[in-house]
Amino acid sequence: MMLRTWMIMWKEFRQIARDPRMLTVVVALPTFMILLYGYAINLDVRDVRMAVYDQSRSRQSRELVDAFARSGYFHIIAYPEDDREVTALLDGGRARMVLIIPVRFARRLADGDTAPVQILVDGADSTTASTALGYVAGIVQEYSSRVALVTVYRAGLTMRGAWKPVENRTRYWYNPELRSNNFTIPGLIAVILMVLSALLTSVTVVRERERGTIEGLLVSPVRPMELMLGKLAPYVLIAFGDVLLVMAISSAVFHVPLVGSPALVLALAGIFVIAVLGIGLLISTVAPTQQLAMVAAVMATQLPTVLLSGFIFPISSMPKAIQLLSNILPATHFIRILRGIFLKGNDLAILWQPALVLAAIAVAMVLLSANRFRRTL
Amino acid sequence: MTDIAIDIQDLRKTYGDLVALEGLSLAIAPGEVFGLLGPDGAGKTTTMRLLAGILAPSDGSARVLGMDVFREADGLKRRIGYMPQRFALYGDLTVAENLLFFANIYSVSRAERLKREAELLAFSRLEPFRDRLAMHLSGGMKQKLALACTLMHTPEVLFLDEPTTGVDPVSRREFWRILYTLVNQGVTLFLSTPYMDEAERCTRVAMLNRGRLVRCGTPGELKAGMRGMMLEVIADPMREAKARLTALPGVHDVQTFGERLHVRLDTADAEAAVTAALDGLTLVSLRRIAPGLEDVFNALASGEGPS
């Protein structure tokens, strides 16, 4: 009956409002997590420390070094004078990369020969190394075509404009500047809401058992489903407040653009938090103590979500069995939704599938909780 | 309505090898004040929980108001009240909020709720504390609030598990005043208590020990059914007196009550035998007394089966 569900909800609200720790968990925890992780998890490679061993000491070699310095990706920290110094810089980790321009660099360019330059990269950090090499290729390519053009021009051949036989013009859609924040923050929103929501409901039923108040409920006409819905409802509102909070921080602090419909994000976020609150509720109905329930809630959400939801590591490169596991995590679907709406402006016509999965998980969790609830002591 | 309010048939509860309740059978008439007596671990709380329908029996059955407490619990819940031994209200809700909550989960109508609330607050003298958080109430007030919450939906049968344990004597008296009012309204009371003076207030008493029913009857019947006679002895030094009396032939047991000794014995000339036994000690007083329930209970607990 409605009144009983309503009374459970009313009671929960009163208790939450009188629990000062709740405010900390609900406001401070998500704020702290999104700021900490938002700043810490940055996949952009910028200001790579590099050294330049310029043996050529020519105008041309200085032009090339300039091109590196201007790119914004590299920060030139030293100009070693011999091979021993070069080795020392890489060994000590002071430089991640060394550019060596041979003595005959300018000479060869003038002769119309290919002038090789050597790049030594610290491969111990393979992610940074491969990203940095991508930038290097671009810079060298760019410089190279400019030299070619000038040479051709001097040889007396004139062409209309800067002729290149083939030129690739890559454009990154949805995230034109390839800011890693635009990729990580929506995922982070999902991770934080997942951990927080599961934590919120994980103690609500087991607390009644621990405090003995369950006896009063068990002898009353309250049915398990009424108890579950009444327990869930206040936390749906609270978790929804957290949705607004983390989204406000992501756009105000991390400038993640919201291309798609804000209303759609909020609606689907609502379904997502119900699904995860349901997981917490299920944990709470079966856990023997509050402490265990909280540990279980964090274990069941944090690590799997960070590792398996596609938050950072692409799901497509996981083994098939793990992919299956990843697909039962609500966060996996919610991250797809968030990236789709935030960056691509997707609508429900594209996102109906993950939305449906979330709704199914939500319903299943609540039904399962009511079903697992023991009506005896 | 049937003429049996609570009908317990061979009720049994085991936890693994541990037998918490061993085949209890009782029939309680409407309007009775039925007391369950026994030391800790006797199975009182288990019985209470079984009857309230929140514990699954291992065997046997119990019917309250004609309905099976476990199988027909949903229909029965609105007609019975159960007050657990442990304080089971919401400490972080106020007195009035607790009353409102329990009234509404039992679907008490608004008009009825307001009437009951005013009545019960006046009754329990909690009116001045209606906006106080329940956790900040004294022990006695907590128990009265728990009772008031249990009474919001006007139950016909009330189960009270040690309702006055840890409550000061003044509050206990007040609590009983409330209980008697309920009895006058026709409510059937089934309560457990460790206090003998409370058991004396019951219409009938069942004594439990280690999960077994050892005796059941009115307080008068139980006392009359006891073998031997009771003597109250005050002697100095008491320890020495107790040792000598315990060794005396025909003495069943000797219990200490403060500075007094209760001696239960079967001897032809009891007073003379006791006086002789205490020769050399200061005998302050010696008189025959009627056995109290406590004496009956001690006799039973000290291993003597039903006579």
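Chain A of this predicted model is built with 15 helices and 4 strands. Its radius of gyration is 29 Å, well over the 21 Å that the globule rule gives for 377 residues, so chain A is more spread out than a compact globule. You can see that in its outline too: along the principal axes, the C-alpha trace spans about 100 × 45 × 40 Å.

**How the chains divide up**
- Chain A splits into domain 1, which takes in 2-42 + 179-372, and domain 2, which covers 48-154.
- The centres of those two domains of chain A, taken over C-alpha atoms, sit 49 Å apart.
- Chain B has two domains as well: domain 1 runs over 6-222 and domain 2 over 227-290.
- In chain B, 39 Å separate the domain centres, again going by C-alpha atoms.

**Inside chain A**
- Of the 377 residues in chain A, 38% are buried.
- Take the contacts in chain A with a separation of 6 or more: 79% of them join residues 24 or more positions apart.

**Where chain A meets chain B**
- On the chain A side, 19 residues are in contact with 23 residues of chain B.
- Helix H1 (2-17) and helix H9 (214-219) of chain A each supply at least two residues to this touching side.
- H1(A) gives the most, with 6 residues.
- Sorted by class, the side of chain A that touches chain B has 8 nonpolar, 6 polar and 5 charged residues.

**A closer look at helix H3 of chain A**
- Helix H3 (residues 59-71) of chain A has 13 residues, which at 1.5 Å a residue should span 18 Å; its end C-alpha atoms are 19 Å apart, so the two values agree.
- Which residues of H3(A) are buried? They include A:Ser61, A:Leu64 and A:Phe68.
- These three cover an arc of only 60° around the axis, which puts them on the same side of H3(A).
- Here's the general idea behind that: an α-helix has 3.6 residues a turn, so residues three or four places apart point the same way.
- What covers the buried residues of H3(A)? The cover includes strands E1 (48-54), E2 (74-78) and E3 (97-101) of chain A, along with helices H5 (105-111) and H6 (126-154) of chain A.
- After H3(A) comes A:Gly72, which has a positive phi, near 90°.

Definitions and conventions:
Residues are numbered from 1 along each chain as its sequence is written. Chains are lettered from A and ligands numbered from 1 in the order in which they are written. This is a predicted model: local features need pLDDT of at least 70, side-chain atom pairs count only at pLDDT 80 or more; totals for chains, interfaces and linings use all residues. Domain bounds come from an automatic or database domain assignment. The radius of gyration is taken over C-alpha atoms; the globule rule is 2.2 Å times the number of residues to the power 0.38. A residue is buried if 20 or more other C-beta atoms lie within 10 Å of its own, exposed if 12 or fewer, and partly exposed in between; C-beta atoms are placed from the backbone. Two residues are in contact if their C-beta atoms, placed from the backbone, lie within 7 Å. Ala, Val, Leu, Ile, Met, Phe, Trp, Tyr, Cys and Pro count as nonpolar, Asp, Glu, Lys and Arg as charged, and the others, Gly among them, as polar. The expected span of a helix is 1.5 Å times one less than its number of residues. The arc is that of the directions from the helix axis to the C-beta atoms.
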